[in-house]
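The sequence and the model come first.

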Amino acid sequence: MSNILFSTSPHVRSGNSTKKIMQNVCISLLPAVIMGIVYFGIFALLTILVAVVSAVGSEIVYRLAIKEKFEDIISSFDYTSVVTGLIIALIIPANAHLYIPAFASIFAIVVVKMLFGGTGYNLVNPAAAGRIFAFISFTTVMNTFVAPSIGAINSSVITGATSLQSFLNDGSSLSSIDLLLGTGVAGCIGETCKIAILIGAIYLAVKKIIKIWLPIISVAVAGIVAVLLNGTIDAFLPAILSGGLLFGAFFMATDYVTNPVTTFGNVIFFILFGALTSILRHFTGYETASFAILMMNVLVPLIDKISTVKPFGYTKPQKEAK
Amino acid sequence: MSIRKGKNYPYGIHVNDMKYLTENLAIENMPLPGKVFISMSQHIGAPAIPVVNVGDQVKKGQLIGKSCGAISANVFSSVSGTVVDVLDIVNAMGQKQKHVVIENDGLNEEVFLEEMTSFEPKDLIERIGLAGIVGLGGAGFPTAVKLSPKTQLDVLIINGAECEPYLNCDYRLMLERTDDIYKGIKYTAMALNINKIIIGIEANKPEAIKLFSEYKDLDVVILKKQYPMGSEKHLIYCTTGRKVPCGKMPFDVGACVQNIKTMIAVYEAIDLNIPLTQTVMTVSGLGIKNPKNLKVALGTSFNDIIEYCGGKSENTVKLVAGGPMMGKALISLDQYARKTDSGLLVLEKNEANVDKPTNCINCGRCADNCPMRLVPVRIEKSVLAGDYMMAKKYGVLNCLECGSCAYNCPAKRPLVQSFNFAKGKIREIQLKESQREGK
């Protein structure tokens, strides 16, 4: 009888696990990875590889350093660092030197995630923090975007935030189709092709990993806020289709660890995220999705506090007669 | 009267129900074992007091444990033979309980309760109490107490949901003994002086729904296949639309919920004068050779039951008494069938929960699924931090322990365990506080 397990109910469980969820997130990022490589060539592939390898490597080295057994590290490896590495690679410009993704990944994993206790304990989104670390350290490179090598090329290198900015500055605008496909738009490796992002998001929704209506709310709010700030309805499509908003909303803001728990809390989170992205974008001129995510992440405990749900059969406590 | 669809309740989970293992197997009578170990505490409340001594000759259906106190129940012998021992055995919950051991003499002599002469509500309730009937859905609350509410109720709800995976005993009984169940329901309704009777059946049991829709005075409600539909509070909501307030009981909204098996026991006690001496259980799981629906005598050893079903496989990792969602894991098979047992599961590795817990990733699945609308992750975190009063504030006392949160948890957190622990601690704290106030 020694092999009989003794534990509390429930004795059966659904097949999902953190590992499976993270593997699915990796799969959902594949369309963006492929389109990044198609648009930006072999250098994009190198960037992605460097980011993923340094993320995974730094996690393993860190855990070895705190004297965990190698077998344990392998058996409990949950693919979160792969996701972090992939996202970091996808949100930096394609012409960034290879040491930039490496630095960003190592910072994200070691400082943001592992020092706080590993998966589930990080306060802010590691990928967003890694990107901002790189952005502050290497501002010039990180703020110089190249356009894909195929499609209608406006200018090979754009300095500045997004096509929204150029639309507002000189009135020239790209067609929505170009924005959607990312052809001729300068941007980051994975953020350029919106179609690929949407395919990945739909995959996540089908696998029930994200509630797809939440990021859609935030994207819509971002568009509306941009319209209000610019005073023209034409700003709506460029606002939602440019820069890192879509990628940030679907893949980074939906990160479980740094989200509120309840659905109600998530609604607040995503509305504020969308609004904050547009507002920061309008007043700073930088690509601000990552900043908005970081700011919202630190607000999560507060949102959690106000977003309580009433239990089934809840009745207002009756005031005791004095 | 009518068939209608139940109210939709959006919170709950869809489990892999595994009912196919025993769904189409008729209930078999398991031969009486050579020895039975009958527990004196097969119900909630005070244990019964043994009224037989070692060496006594007993017949099947003879009283061997007398109920003591307001909430307690009689216990009857399930075989005829000699009492060979009265001893303490540790049960599945880890509590020591008195068991009466009776050696079967194989004569199968039987005694019956007296014939009933009057069928007034109080006579019916008295008979139900005398026959040792308790809520057979799992809790084991003495039925006679449940049928004597302080206020007049207006609806009797029969729980035919059987939302636990694997278990099929209620379903088989509904198919095979429809008429007996109906009579039991009528007697129960008479005892409560209620005209409105609702039977809630999950949509995955169309044959049972068809059979019960024949009766003109039953209101058949088809429930969505969802776990935990069989929970009293949710059954009441889905069949009548009434919400049982937190911390209140079904009778506070005028409802009484009864289990299928209890209804059969009521019928047998009143019409056939047979006390409760047996239970119907589903023996299932991938680890058992021949899954079966079995009628077993109370006190039959689980070892005998497993052997009768062809034994368990080498790959067995878990033994469970009851359903897989709320049942108790067994550390050994030296346990004995009780009134409330409705399942004995032998689980293999690929169906059981054997994964080690990892860090919570805050995904919120537990909160999305909780049928009581709690936020399990917050409760667990406050329990882990040792802040039981915070857990209470987050509503841990409303928890049904249904396991919906832990079932879907990707990090495999032992959530229900935390909640049970917290409940115990909160009770301790409250006891201390009341003592302090007393001084």
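In the counts by class below, Ala, Val, Leu, Ile, Met, Phe, Trp, Tyr, Cys and Pro are taken as nonpolar, Asp, Glu, Lys and Arg as charged, and the others, Gly among them, as polar. By this division, the lining of the largest cavity holds 14 nonpolar, seven polar and two charged residues.

The model is predicted. Searching the whole structure gives eight cavities of 30 Å³ or more. The largest cavity is lined by 23 residues, of which Met22(A), Val83(A), Phe251(A), Asp255(A) and Tyr256(A) are the closest to its centre. In chain A, at least two lining residues each come from helix 1 (18-40), helix 4 (80-90), helix 6 (126-137) and helix 13 (245-252). Helix 4 of chain A provides the largest share of this lining, four residues.

The second largest cavity has a lining of 13 residues; Ile264(B), Glu268(B), Gln278(B), Thr279(B) and Val280(B) are the closest to its centre. Two elements of chain B, helix 7 (260-271) and strand 14 (278-284), each contribute at least two residues to the lining of the second largest cavity. Helix 7 of chain B gives the most, with four residues.

| Cavity | Volume | Lining by class |
|---|---|---|
| Largest cavity | about 300 Å³ | 14 nonpolar, seven polar, two charged residues |
| Second largest cavity | about 130 Å³ | six nonpolar, two polar, five charged residues |

How values were computed: Residues are numbered from 1 along each chain as its sequence is written. Chains are lettered from A and ligands numbered from 1 in the order in which they are written. This is a predicted model: local features need pLDDT of at least 70, side-chain atom pairs count only at pLDDT 80 or more; totals for chains, interfaces and linings use all residues. Side-chain values use heavy atoms; hydrogens and water are left out. On a 1 Å grid over the protein atoms alone, a cavity is a set of points where a 1.4 Å probe fits but cannot get out, and a pocket is an open set with protein on both sides within 12 Å along at least five of seven lines; lining residues have an atom within 4 Å of a point. Grid points are joined across faces, edges and corners, and a volume is the space filled by probe spheres set on the points.
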